[in-house]
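Work through the exercises below with the structure open. Each task is followed by a stepwise solution.

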Amino acid sequence: MDKNLLDSSIEYLKGVGPGRAELLRSELGIRTFRDLLQQYPFRYVDRTVFHRIRDLTPESGEVQLRGILRRLDQVGDGRKRRLVGRFRDDSGVIELVWFKGAHWIQNSLQVGKEYILYGRVTAFGSTLNIAHPEMEEPKSESQDPASTFAPVYPSTEKLNAKGLDVKMRRRLMEGLLEKVQSADVPENLPDYLVRKMKLVSRFDALKRIHFPEDQNQLDAARNRLKFEELFFLQLRLLQLKFRRQQAVIGYPFTQVGANFYEYYQERIPFELTGAQKRVIKEIRRDMGSGKQMNRLLQGDVGSGKTMVGLMCMLIAIDNGFQAAMMAPTEILAQQHYLSISEYLEGMDLQVGFLSGSIKGKKRRVLLEALEAGEIHILIGTHALIEDPVVFKNLGLAITDEQHRFGVKQRASLWKKNKPYPPHVLVMTATPIPRTLAMTLYGDLDVSVIDELPPGRIPITTQHRTEAHRMRVIGFMRTEIAKGRQIYVVYPLIEESEKLDLQNLEEGYEALSREFPRPEYQISILHGRMKTADKDFEMQRFVKGETQIMVATTVIEVGVNVPNASVMVIENTERFGLSQLHQLRGRVGRGAEQSFCILLTGNKLSSEGRERIQTMVQTNNGFEIAEADLRLRGPGNILGTQQSGDLNLRIADLARDGRILQTARELAIRILEKDPGLEHPANVNTKKFLEKYGPALKGWGRIS
Ligand code: ADP
Ligand code: MG
């Protein structure tokens, strides 16, 4: 491609210059014309409607007024200093206030002049005012139709201080759009697709996203740009996937042999569910294909993923390879180690455990045995993927992800074996909303366990406030009298760790008074304890020596005590949905009716209320995951690092599921016919993908 106008440095746009260019770069990451063009407005001012001051109420929200600035005065002093204005139209007067930037405002506004004003109405005692309104002079009597929806861009205080405020940003964009010709933004989607999807052209979309004339134009531009963004993301992900499937050789696990059959026919403690069988078959086929497997295994809490993982590891061993299982926390890793050792008792297989806490001679001996191939299965924390850990021949690596491993960590599993990378199975207990699975894991194959083992009684979930605490205690007593065990969980959030710990300890003491020794025994567990102490406390609870386990979320993942049938969660409003779902999954594992009691204060935010209602209404992890996505957005669910990898400009994974689905389906169809995008009709798309397609930082070789 020739040098494109859009590649010009932003410095050279009229009205920018070196100083502002530097600021745009450091504050917003805008370096070129293209960057500016692709920073879309986050909202619009509807220029078609003018409000009348007399009709305003505290509920009016954001309004647009047209009138005269009557006064502008400095009021108060010190920290209370502010700039106050009076603004009048033919129906009334309203007060304007500025708490910052008084100097700038006084210089840029003129008393007696007519302005169009935009801002949010707030009630201040019995009067109304508008703080920090946007003000601009009317261009002419008849508004320029191209600015009926005026764009509003992300800004910062620094930008405002340098005059790069809303008005200036609009002006820059107008200037840019005057320069940009349709040849500068060539169509990047295949023509047949643009027609089929009835999309507006790329050129039109980019112009109209900034200055739509009406709602229809705006919708069409948005739709086009969202589709385009998701389509290119899918093309990239799927291309990686298809290429990998073609190019990356994996060990063909052709045998399903002695260990698998002995286990399956003689030792397995229960009948596998239909879903478990189906998933094992999918994985078997994949590992037998000669291509390297990269598969995501989704299954709700308690759906029996560990057993699926074990059966797959037996296949690896039957083919002469070692297998590894990696968990995000020490406690979960140990739990896996215990259950897998127990499952395998009586079989002639060596299972090792490795974490940061295994040191010295023990570690040396373990690592030697691993390298010599004497250990068949290694279970542990991310210590597994560190450099000094050498396998003789790692054939299958399983990570129990729980949303905690980054893509990079998964990628480093690949390096654990030469010449071919091991097969990789990623297990996740927090069901992933469909849209996220299609993007973040879009390059993986997916298996889903959508069935729970039989005989599970659904957990009853109830919301209780402080006022009910004594009744909750009474309920706990009754359940303990029936022989049940109980978890009481406190939040532990890093910023206020000290306070949380104090809460936990006070809670422990209060419970000790309600449930005195020797009749009752209580375990306590939190992340600050030494491993040996944690083990001791955990074991007491597992063995049934204690009736109550007071803990932080360290018990969130994987802990399995079937006799525990009540989960009491303190300060529930401070937990996220997926965490609550995980916590609830610690009960309901035995034959008894289980309960989850969500304790909160009396006051709840509307989001907090919705979270709790969701928990009370459904036990289905997929439904909870969708609600979580809707309430919090993808960035918060994935953590900034992973959502940053996606870097979406306009598409919203919580809302644009349908567009994403279509984009993915079309991308698959196109790549199946034309994997290299060599067909003349696809050449523009190929060029664009290569030059401007999503970068997918950190996807690494996992893709
Ligand atoms: P998760 O998918 O949450 O990791 P686990 O693997 O810990 O679930 O399994 C939860 C419990 O269900 C364990 O006690 C396990 O032994 C049991 N389990 C798994 N599969 C079955 C099955 N097919 N029938 C009965 N119990 C099962
Ligand atoms: Mg598990």
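In this predicted model, aspartate 450 and arginine 278 make a salt bridge, with their closest N and O atoms 3.2 Å apart.

**Exercise 1.** Work out which parts of the chain the pair of aspartate 450 and arginine 278 ties together.

*Solution.* Step three: check accessibility. Aspartate 450 has 57% relative accessibility and counts as exposed. Arginine 278, at 33%, is partly exposed.

**Exercise 2.** Describe the surroundings of arginine 477.

*Solution.* Step one: find the salt bridge. Arginine 477 pairs with glutamate 514, the closest N and O atoms being 3.1 Å apart. Step two: locate both ends. Arginine 477 is in helix 16 (residues 469-481) and glutamate 514 in helix 17 (residues 497-514), 37 residues apart. Step three: look for a ring. The charged end of arginine 477 sits over the ring of phenylalanine 515, 5.2 Å from its centre. Arginine 477 is partly exposed at 31%, and glutamate 514 is partly exposed at 27%.

**Exercise 3.** Does arginine 363 count as buried or exposed, and which side chain of opposite charge is nearest?

*Solution.* Step one: arginine 363 is found in helix 13 (residues 360-371). Step two: arginine 363 is buried. Step three: the nearest side chain of opposite charge is glutamate 386, 4.1 Å away. A salt bridge needs the nitrogen within 4 Å of a carboxyl oxygen, and arginine 363 has none. Step four: list the contacts. Leaving out residues up to four places away in sequence, arginine 363 touches Leu354, Ser355, Ile358 and Glu386.

**Exercise 4.** Classify the ring pair of phenylalanine 270 and tyrosine 343.

*Solution.* Step one: the count for the structure is 15 aromatic pairs. Step two: in this pair the ring centres are 6.4 Å apart and the planes stand at 90°, so the pair is edge-to-face. Step three: phenylalanine 270 lies in the loop between helix 9 (258-267) and helix 10 (274-287), and tyrosine 343 in helix 12 (residues 330-343). The pair therefore ties together parts 73 residues apart in sequence. Step four: phenylalanine 270 is partly exposed at 35%, as is tyrosine 343 at 23%.

Technical notes. Residues numbered from 1 in each chain as written. Chains lettered and ligands numbered in written order. Predicted model: local features only at pLDDT ≥ 70, side-chain atom pairs only at ≥ 80, totals over all residues. Heavy atoms only, no water. Phe/Tyr/Trp six-rings, centres within 6.5 Å; stacked < 30°, edge-to-face > 60°. Helix = DSSP H or I, 4+ residues; strand = E, 2+ residues; numbered from the N terminus. Buried < 20%, exposed > 50% of the residue type's maximum accessible area, 1.4 Å probe, protein only. Lys NZ or Arg CZ within 6 Å of the ring centre and 35° of its normal. Lys, Arg positive; Asp, Glu negative; His and termini not counted. Contact = heavy atoms within 4.5 Å.
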